[in-house]
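Here is a short briefing to read alongside the sequence and the 3D view. Take it one topic at a time, and look for each residue as you go.

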Amino acid sequence: DSIEVKDEKGAILQELISGIECSFDISYICNSSFKLRGIRMMLVDEKGVIRVLSNTGLVKTNNITIQTTNNGKVSFVFEKFPLPKGNYYVTLSCFSSNGVEDDIEQACKIKVSEGDFFNTGRVAAVTEGVLVDFKVNISQ
C-alpha cells in the first residue's frame, strides 16, 4: 500500500544519508490468506544492479499466517545505511508455501546523499552489493 523511509526517531525522510540508522516501513493490504514464508526487499541501482537484498527468511519471524482481514506493516531496519550517494529503486516480493504471492518492481525510488559513512570521515565507495546487518519488525 505504501513505503515510508524513516530515521531513528521516526521522522519521514525525503532523502537518505549514507551511514545513518533508518527503516523502510512497508504497509500492506492483504486480499487472501496464506502462511508467510518471507518478504524480500531489494534496493536496485539505476543500472539494474541489486545493491542490497534483505529477506525476512534471513531472520526469525515466527511463521506468521497472513489472513484476508489482515492489513499490516513490515519494517526493515538498518543500523547504518550502507549505500553511497545515488538513486535506487525498491523492489518487493512476498512468498508463501505456495510460491510468490506478490512481486512489485520499482515500488518506489529513493535518493541517497553522501554522508560520513560509519563515522570514519569517509564517504561510501561501494560499487557492488553489500552484506549488512538488519532487523525486521512485522505487525498485523
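Let's begin with Arg 40, whose bridge partner in β5 is Asn 55, while its bridge partner in β8 is Ser 93. Strands here, like helices, are DSSP runs numbered from the N terminus (strands are E runs of at least two residues, helices H or I runs of at least four). The model is a predicted one, in which local features need pLDDT of at least 70 and side-chain atom pairs count only at pLDDT 80 or more, while totals for chains, interfaces and linings use all residues. Residues are numbered from 1 along each chain as its sequence is written, and side-chain values use heavy atoms, with hydrogens and water left out.

**Strand β4 and its partners**

- β4 (34-45) runs antiparallel to β8, and nine bridges join the two; strands pair if DSSP finds at least two bridges between them.
- β4 also runs antiparallel to β5 (residues 50-55), with five bridges between them.
- Along this second pairing, Leu 43 stands opposite Val 52 in β5.
- Four residues lie between the strands in the hairpin of β4 and β5, where Gly 48 takes a positive phi near 90 degrees.
- β4 is largely enclosed by the rest of the structure, because nine of its twelve residues are buried (buried means under 20% relative accessible area, exposed over 50%, and partly exposed in between, with a 1.4 Å probe and protein chains only).

**Aromatic rings**

- A pair of aromatic rings is described by the distance of the centres and the angle of the planes.
- The structure holds three aromatic pairs (rings of Phe, Tyr and Trp, the last by its six-membered ring, with centres within 6.5 Å; planes under 30 degrees apart are stacked, over 60 edge-to-face and the rest tilted).
- One of them is the tilted pair of Phe 24 and Phe 81, with 6.0 Å from centre to centre and 35 degrees between the planes.
- This pair links distant parts of the chain, since Phe 24 sits in strand β3 and Phe 81 in the loop between β7 (71-78) and β8, 57 residues apart.
- Phe 78 and Phe 81 form an edge-to-face pair, because their planes are at 90 degrees, with the ring centres 6.0 Å apart.
- Phe 24, Phe 78 and Phe 81 make up one aromatic cluster.
- Phe 24 is buried at 0% relative accessibility, and Phe 81 is buried with a relative accessible area of 0%.

**The largest pocket**

- How much space lies in the largest pocket? The figure is about 490 Å³.
- A pocket is found on a 1 Å grid over the protein atoms alone, as an open set of points with protein on both sides within 12 Å along at least five of seven lines; lining residues have an atom within 4 Å of a point.
- The lining has 22 residues, and Tyr 28, Ile 29, Cys 94, Asp 102 and Ile 104 lie nearest the centre.
- The lining residues divide into 14 nonpolar, five polar and three charged (Ala, Val, Leu, Ile, Met, Phe, Trp, Tyr, Cys and Pro are nonpolar, Asp, Glu, Lys and Arg charged, and the others, Gly among them, polar).

**Cysteines**

- The count of disulfides is zero (a disulfide is a pair of cysteine sulfur atoms within 2.5 Å).
- Cys 94 is buried at 15% relative accessibility, and Cys 22 is buried with a relative accessible area of 2%.

Notes:
On a 1 Å grid over the protein atoms alone, a cavity is a set of points where a 1.4 Å probe fits but cannot get out, and a pocket is an open set with protein on both sides within 12 Å along at least five of seven lines; lining residues have an atom within 4 Å of a point. Grid points are joined across faces, edges and corners, and a volume is the space filled by probe spheres set on the points.
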